[in-house]
Structures are given as structure tokens and as C-alpha cells.
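Here is a short briefing to read alongside the model.

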Amino acid sequence: MEAFSSPKVSSFLLFSLFVSSIMAAASAGNFYLDFDLTWGDRRARILDGGKLLMLSLDKASGSGFQSKKEYLFGRIDIQLKLVPGNSAGTVTAYYLSSQGQAHDEIDFEFLGNLSGDPYILHTNVFTQGKGNREQQFYLCIFLVDNFPIREFANQESIGVPFPKSQPMRIYSSLWNADDWATRGGLVKIDWSKAPFTALYRNFSAAACVWSGGSSSCASNAVNPDIGWQAQGLDAKSRRRLRWVQKYYMIYNYCNDIKRFPEGLPPECRRSRSL
């Protein structure tokens with residue numbers, strides 16, 4: 001199997017993207033135990049005894065998977081290798097979502113590129129069914145671990161819902177989005193390059209699992225002895241966050257005055273790092 005560098009995606013209350021070398025040691029789960037292949041027939045496959053998962057896309061169909069468990073709070077990591085070469089028109093999506101119209105959702109979508117161009121990472125946060133909180137970044141360098149790109153702070157005090165009460169599953173898919181993904185849909189998929197593939201490994205979840213209407217965590221109180229519960233952005237992390245957003249952010253809904261002629265969303269007026 002080819003060695004690869006990859007984005008390492010983590011989703012928790014601090015909405016972050018970590019980019020790292022896939023060769024770094026990590027405690028990994030088993031995809032047979034942790035995930036179900038949900039669509040795409042044999043285009044989605046679990047390999048290497050459960051250590052590796054592959055999604056593929058051809059002209060007939062893409063593919064996807066979802067977690068067996070639902071999570072309420074926690075830190076969730078997965079490493080992936082995006083479609084290499086000319087991936088224009090493809091989207092590799094990784095997201096957490098609850099169910100229903102008033103759902104909560106945390107999105108990472110990697111928008112395919114022409115060979116030599118950077119991937120664009122499209123992010124969004126839905127609370128109580130409301131999204132429209134897009135931020136986009138160029139992935140033109142590989143960053144070391146623990147570089148946050150986005151924080152969605154709890155601002156319920158000013159009426160902004162926070163995704164804290166609806167358990168979410170993990171979903172991922174590789175699909176044809178050439179009507180919008182690359183340069184606004186001007187660049188279409190080159191099907192002569194198919195099948196396109198994305199690879200996943202080193203899944204881990206340090207999280208509160210939701211089952212039977214209750215959480216595996218004993219209480220809602222923060223336990224400082226559990227690493228992810230006490231994790232936040234310290235001064236160094238905030239400097240890194242500002243650096244990434246200064247040099248690699250290409251769209252921020254909080255700066256889009258034309259989109260919100262009646263005024264920016266309230267969280268934009270209160271947060272420095274949205």
C-alpha cells in the first residue's frame with residue numbers, strides 16, 4: 001500500500017482541522033467495528049483487516065459510510081488521503097450530523113482541484129437546522145498537527161444556538177459535484193481519470209457515546225482529568241488560528257456584508273475567531 005500524507009481531521013467542541021503525516025503513530029480503531037458502508041455498492045470497501053477504508057467514485061456512482069455510534073461530546077480524529085492528481089469536480093465530505101429538520105451538523109468538504117492547484121476546504125456549522133456559516137481555506141501546504149482553523153464558541157447568551165444536546169453520527173462520502181465544486185462548476189470531472197479514490201485510517205473517538213437515550217459520560221460537568229474535556233485554545237493556539245485564517249482563509253461569512261444586508265449574524269459581532 002502506498003504511503004501517504006493526509007489531512008488529519010478532528011471534530012469536537014473546538015471545530016478544527018489538523019494536517020499531518022499519515023505515518024505518525026496513532027491509536028486506531030477498527031472500521032469493521034466502528035462504521036457501516038451505506039451506499040455505493042462495492043465502491044466502498046474496508047481493507048487490511050479493518051485498518052483502512054476506501055471510498056471510490058466513477059461515472060455511475062460515488063460511495064459513503066457512517067458511524068455505528070452516535071456521539072454527544074468528544075474529540076473525534078480520522079486521517080484521510082484525498083483524491084490525488086486531477087480531482088476537479090469531486091468532493092470528499094466528512095461531517096457529523098444529527099437527524100431531523102432542526103438538526104446540528106459540523107461539516108468538512110474537500111473540494112477537488114486541477115493538478116497543481118490547492119484543495120479548498122469548505123466548512124460549515126449548523127445549529128437547530130440553520131447553517132449559512134461557511135468558511136473556506138486553501139490547503140496549499142501541509143501543516144503540523146494541532147493547528148486549529150476554526151472555533152465555534154458557545155454564545156447562547158446572545159441567542160445563538162449551540163450544538164450541545166443532539167447526538168451526531170459521523171458520515172463521509174466521495175461524490176460528483178462538478179456542477180459547483182471547482183471554480184464554481186466551470187471545471188468538470190475528467191472521467192478518463194476514474195475511478196477516483198479517498199483512503200481513511202487511524203480513526204479514534206474519545207467521546208461521550210449516546211445510546212438508549214443517555215450519554216456514556218456520567219455527568220455534564222467537565223472532568224479535567226479527561227484530556228479532551230479540558231482542551232481549549234490557549235494563547236499559542238489562538239496565534240496559530242489567527243495565522244491560518246490570515247494567510248489561508250479565502251471566504252468568511254462574517255465578512256460578507258453583501259450577503260447579510262440587514263446586518264451580520266450576531267456571533268460575527270462577538271467572536272474574533274469565527
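The model is a predicted one, so please read every value as computed from it. A search of the whole structure finds nine salt bridges, and several of them are described here.

**Helix H3**

- Helix H3 runs over residues 235-248, which makes 14 residues. From first C-alpha to last, H3 reaches 20 Å, close to the 20 Å expected at 1.5 Å a residue.
- The buried residues in H3 are Ser237, Leu241, Val244, Gln245 and Tyr248. These residues sit on the same side of H3, because they cover an arc of only 105° around the axis.
- As a reminder, an α-helix has 3.6 residues a turn, so residues three or four places apart point the same way.

- Side chains of opposite charge can pair when their charged atoms come close.
- Aspartate 36 and lysine 68 form a salt bridge, with 2.5 Å between the closest N and O atoms. Aspartate 36 belongs to strand E3 (residues 35-39), while lysine 68 is in the loop between strand E6 (63-67) and strand E7 (70-81), so the pair ties together parts that are 32 residues apart in sequence.
- Glutamate 151 meets arginine 238 in a salt bridge of 3.1 Å, N to O. This pair links distant parts of the chain, 87 residues apart, with glutamate 151 in the loop between E11 and strand E12 (169-176) and arginine 238 in helix H3.
- Glutamate 151 is buried, with a relative accessible area of 11%, whereas arginine 238 is partly exposed, with 24%.
- In the salt bridge between aspartate 77 and arginine 75, the closest N and O atoms are 3.1 Å apart. Aspartate 77 and arginine 75 are both buried.
- A network of salt bridges links Asp41, Arg43 and Asp58.

- Strand E4 (residues 44-47) pairs with strand E5 (residues 52-57) in the antiparallel sense, over four bridges.
- Isoleucine 46 has leucine 53, in E5, as its bridge partner.
- Four residues lie between the strands of this hairpin, and aspartate 48 takes a positive phi near 55° there.

**Threonine 90**

- Threonine 90 is found in strand E8, which spans residues 90-97.
- With a relative accessible area of 0%, threonine 90 falls under the 20% cut-off and is therefore buried.
- A polar atom of the threonine 90 side chain lies 2.7 Å from the backbone oxygen of serine 87.
- Beyond its neighbours within four places in sequence, threonine 90 is in contact with Leu57, Val83, Phe110, Leu111, Gly112, Leu174, Trp175, Ala181, Ile189 and Phe196.

How values were computed
Residues are numbered from 1 along each chain as its sequence is written. This is a predicted model: local features need pLDDT of at least 70, side-chain atom pairs count only at pLDDT 80 or more; totals for chains, interfaces and linings use all residues. Side-chain values use heavy atoms; hydrogens and water are left out. Helices (H or I, at least four residues) and strands (E, at least two) are DSSP runs, numbered from the N terminus. Buried means under 20% relative accessible area, exposed over 50%, partly exposed in between (1.4 Å probe, protein chains only). A polar contact is a pair of N or O atoms within 3.5 Å; within protein, one must be able to donate a hydrogen and the other to accept it, and residues adjacent in sequence count only if both atoms are side-chain atoms. Contact means heavy atoms within 4.5 Å. The expected span of a helix is 1.5 Å times one less than its number of residues. The arc is that of the directions from the helix axis to the C-beta atoms. A salt bridge is a side-chain nitrogen of Lys or Arg within 4 Å of a carboxyl oxygen of Asp or Glu. Two strands pair if DSSP finds at least two bridges between them.
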